[in-house]
Amino acid sequence: MHRFPESLSNTRFVPTQLTLSLRQLNARSSSRCHPKSDNDDNIHRREDNQGAPLHLYKSKGQHILTNPRILDSIVRKSHIKPTDTVLEIGPGTGNLTLRLLQAARKVVAVEIDKRMVEILHKRVSEMGFEDQLTVICKDALKTEFPQFDLVVANIPYGISSPLVAKLVYGDKPFRSATLLLQKEFARRLLANPGDSEFNRLAVNVKLVADVELVMDVSKRDFVPSPKVDSSVVIIRPKAEIPDVNLDEWSAFTRTCFCKKNKTLGATFKGKRKVLELLRLSRTTCSTESANNDDNYDCSNDAAADDDNEEVDSDVVYCYSSSCSDTQLNVFKDKIIGVLKSGGFEAKRPSKLCNKELLHLLALFNQAGIYFHDQSKPRVRDADNIELAAAFSS
C-alpha cells in the first residue's frame, strides 16, 4: 500500500477526523500536523457535503505530505526535461503529480488505491492535464512498468527495499530516480565501508548505481505524523557495471554479509557453509551449459544480512552423508587458501568496498568455488519482487 501525498489548506488535526474538500487539496498549505494517538489509525477526510469519508490508514503507510516547499524542491532537484516521461509510484491524490505534469511531457502514475485514482483523475482534469497522464491502477511491485525517463516518487516505507531492487536491477533503463524514503533506509543506501549502517543493501545498489542525498524531511511535514523522519535521495544508474554474473554476486554477498562484522575466515570455516559451497560448486561444474545471462534474481535476497545463515538443513544433512571427512577438509582448505591468497582471511565484510568484494569473488570462481546453483531455472525479478523484501535487512 502506498503513502499518498496531498496538499492541505486551512485544516487542523483533530482527534477523530481531518476535514477538507477537493478544492482545498488544490491550495498550498503552511499548516503543521500534530502527533496523534497510535491507537487512532483512521484519518477521515470528507468532501464538503459530498460522499462518504475517505480513510487514510497510518499502519499502511498512508501519510499525507503537507509541505509545498518539499514538493517543489523534489521536482526541481529531479531536473525534469520537457520531453521526459516520468514514472510516479503512489501518486495518491496528486499533489506531486500536478507539479510533475507541469514540468514533464507525460506522467505515468502507478496507484493501487482506486479511491485515490478517482480523486487524481478529477484534480488532473480540472487542471487540464488529463492528456498528459496515464494511471495504472495496480500494485507497483507486481506490474511491469512501461518505458520512462525518470522516477519521481514519495515511496511508502514498506515497499522501499523491493522497489529499489526492481528499479536498479530491472530491464527498464532510466536516467535517475528521485525518491522520498525513510531516513534510516536512505542512510543505508548512502553508507560506505566502515560506516555502522553499511550492509548488503549498499553493496548491491552501489554495484549498479550511484546514490546522492538531496535533503532530509521532518516527520512533522506529514499527516498523520510518522514515527521517523524521511530523506530524499537521487539514484543514478551507472553507465557501465562490472562484468560479473549478478546471480552469483547476489549469492556471494548474502554469504559474506550474513554476519557482516565477522571475519571472512570465521564465516567460511563453518561445516555447514563448507558443505553448501561444496554442493553448489559441484553442481555448477557439472552443469553442461551455464546460463550467462546477467538478469538479477531477487530471490537470492531472501536471506540478506541475516544474523543466521539460511541453508536448507535437510539438503546439508543429505549431502553431508555422501561426503567423507577427507573431502570436506580438502575443500575447506581450498576455501581458506583462496582467502589467504587475497589477504581476506582476517578481513570483515563491513569494511570491504565493492572492488575488493569483486576481487574476492573472482578468486573463488577461478578456484572452482561458486555460490549460485546454476542448475536452478532463473526467474525474472519482476515476477518475484516480493522476495526482495529482505534486500535491506
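Contact here means heavy atoms within 4.5 Å. Keep that cut-off in mind for the helix pair I start with. One caution as well: this is a predicted model.

Helix 7 first. It covers residues 200-208, and it packs against helix 13. Which residues meet across this pair? From helix 7 come Val203, Lys206 and Leu207. From helix 13 come Asn354, Leu357 and Leu358. Two packed helices are described by the angle between their axes and the distance between the axes. For this pair the angle is about 90°, and the axes are 10 Å apart. Roughly perpendicular covers 65 to 115 degrees, so helix 7 is roughly perpendicular to helix 13.

Now the whole chain. There are 13 helices and 11 strands. The chain has 393 residues, and 53% of them count as buried. Take contacts between residues at least 6 apart in sequence: 74% of those join residues at least 24 apart.

How many of its residues are buried? The buried residues of helix 5 include Ser160, Ser161 and Lys166. Pro162, Leu163 and Val164 are also among them.

On to charges. Side chains of opposite charge can pair when their charged atoms come close. The search of the whole structure finds 11 salt bridges. I'll go through some of them.

Take Arg99 and Asp72. Their side chains meet in a salt bridge at 2.6 Å, N to O. The pair links distant parts of the chain, 27 residues apart. Arg99 sits in helix 3, residues 95-103, and Asp72 sits in helix 2. Is Arg99 buried or exposed? Its relative accessible area is 14%, so Arg99 is buried. Asp72 comes out at 25%, which means partly exposed.

Next, Glu345 and Lys269. Their closest N and O atoms are 3.5 Å apart, and the two form a salt bridge. Glu345 is partly exposed, at 22% relative accessible area. Lys269 is partly exposed too, at 39%.

Then Lys347 and Glu356. This salt bridge has its closest N and O atoms 3.9 Å apart. Lys347 has a relative accessible area of 33%, so Lys347 is partly exposed. Glu356 has 25%, and Glu356 is partly exposed as well. Salt bridges that share partners join Glu144, Asp171 and Lys172.

Now the annotation. Which residues does UniProt place under "binding site"? The unreviewed entry gives His63, Leu65, Gly90, Glu111, Asp139 and Asn154. That comes from the record, and such annotations may be inferred rather than shown by experiment.

Two of those residues in the model. Leu65 lies in strand 3, residues 64-65. Its relative accessibility is 1%, so Leu65 counts as buried. Glu111 is in the loop between strand 5 (106-110) and helix 4 (114-127). At 0% relative accessibility, Glu111 is buried as well. What lies by the side chain of Glu111? The backbone nitrogen of Gly92 is 2.9 Å from one of its polar atoms.

Glu111 comes up again with Cys137. Where is Cys137? In the loop between strand 6 (133-136) and strand 7 (150-154). Cys137 is then in contact with Glu111, Ile112, Lys114 and Val117. Cys137 is partly exposed, with a relative accessible area of 35%. Gly90, another residue on the UniProt list, is 47 residues from Cys137 along the chain. Their C-alpha atoms are separated by 9.8 Å.

Last, a backbone point. His79 has a phi near 55°. That is a positive value in a residue other than glycine. His79 lies in the loop between helix 2 (68-77) and strand 4 (85-89). Is His79 buried or exposed? With a relative accessible area of 55%, His79 is exposed.

Conventions. Residues numbered from 1 in each chain as written. Predicted model: local features only at pLDDT ≥ 70, side-chain atom pairs only at ≥ 80, totals over all residues. Heavy atoms only, no water. Helix = DSSP H or I, 4+ residues; strand = E, 2+ residues; numbered from the N terminus. Buried < 20%, exposed > 50% of the residue type's maximum accessible area, 1.4 Å probe, protein only. Salt bridge = Lys/Arg side-chain N within 4 Å of Asp/Glu carboxyl O. Polar contact = N/O pair within 3.5 Å; in protein donor to acceptor, adjacent residues only side chain to side chain. Axes fitted to C-alpha atoms, helices over the stretch in contact; angles between N-to-C directions. Parallel < 35°, antiparallel > 145°, perpendicular 65-115°, else oblique. Lists of a residue's contacts leave out its neighbours within four places in sequence.
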